Amino acid sequence: MAAALRPLLTATAAGTLLAALWFVPSANATDESAGTPGTQSRRVTAAVDTAAGPRLADTGTGIDTTPYLIGGTAFLGIGAAFVTYSARRADTLSV
């Protein structure tokens with residue numbers, strides 16, 4: 001009975017993740033000041049140099065990316081360990 005519920009739980013988890021990702025906003029780097037027909041655009045009343053053209057988000061130059069690299073490498077290693085463990089376990093169960 002437990003083996004029959006595993007695909008259902010996996011499908012439920014995947015559906016929940018997709019539903020949650022539906023609400024994540026997209027990051028469009030477009031100029032919204034011109035506005036397109038049929039859409040409403042917000043206008044920010046700030047002193048902006050319009051001669052320079054559209055301005056994208058300033059990411060800065062002093063951002064330390066070391067924690068992101070360490071975290072990404074750790075998660076990649078953990079994922080590879082899980083795949084290796086599962087492959088070895090599948091080989092021992094099939095014998």
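I began with L17, and I noted that this residue is exposed, because its relative accessible area comes to 52% and exposed means over 50%. I keep in mind throughout that the model I am reading is a predicted one.

I then looked up where L17 sits, and found this residue in helix α1, which covers residues 2-21. L17 also takes part in a nonpolar surface patch of about 410 Å², which it makes together with L18, L21 and V24.

Next I turned to the whole chain, for which I wrote down 2 helices and 0 strands. Of its 95 residues, 0% are buried, and I noted an accessible surface of about 9,300 Å², with 65% of that area belonging to carbon and sulfur atoms.

Last I checked the UniProt record, an unreviewed entry, which lists residues 68-87 under "transmembrane region".

Definitions and conventions:
Residues numbered from 1 in each chain as written. Predicted model: local features only at pLDDT ≥ 70, side-chain atom pairs only at ≥ 80, totals over all residues. Heavy atoms only, no water. Helix = DSSP H or I, 4+ residues; strand = E, 2+ residues; numbered from the N terminus. Buried < 20%, exposed > 50% of the residue type's maximum accessible area, 1.4 Å probe, protein only. Areas by Shrake-Rupley, 256 points an atom, 1.4 Å probe, with all protein chains shown as cover. Patch = residues over 30% accessible without salt bridge, like charges linked within 9 Å, V, L, I, M, F, W, Y side chains within 5 Å. Salt bridge = Lys/Arg side-chain N within 4 Å of Asp/Glu carboxyl O. UniProt positions renumbered as here; feature names shortened; annotations may be inferred.
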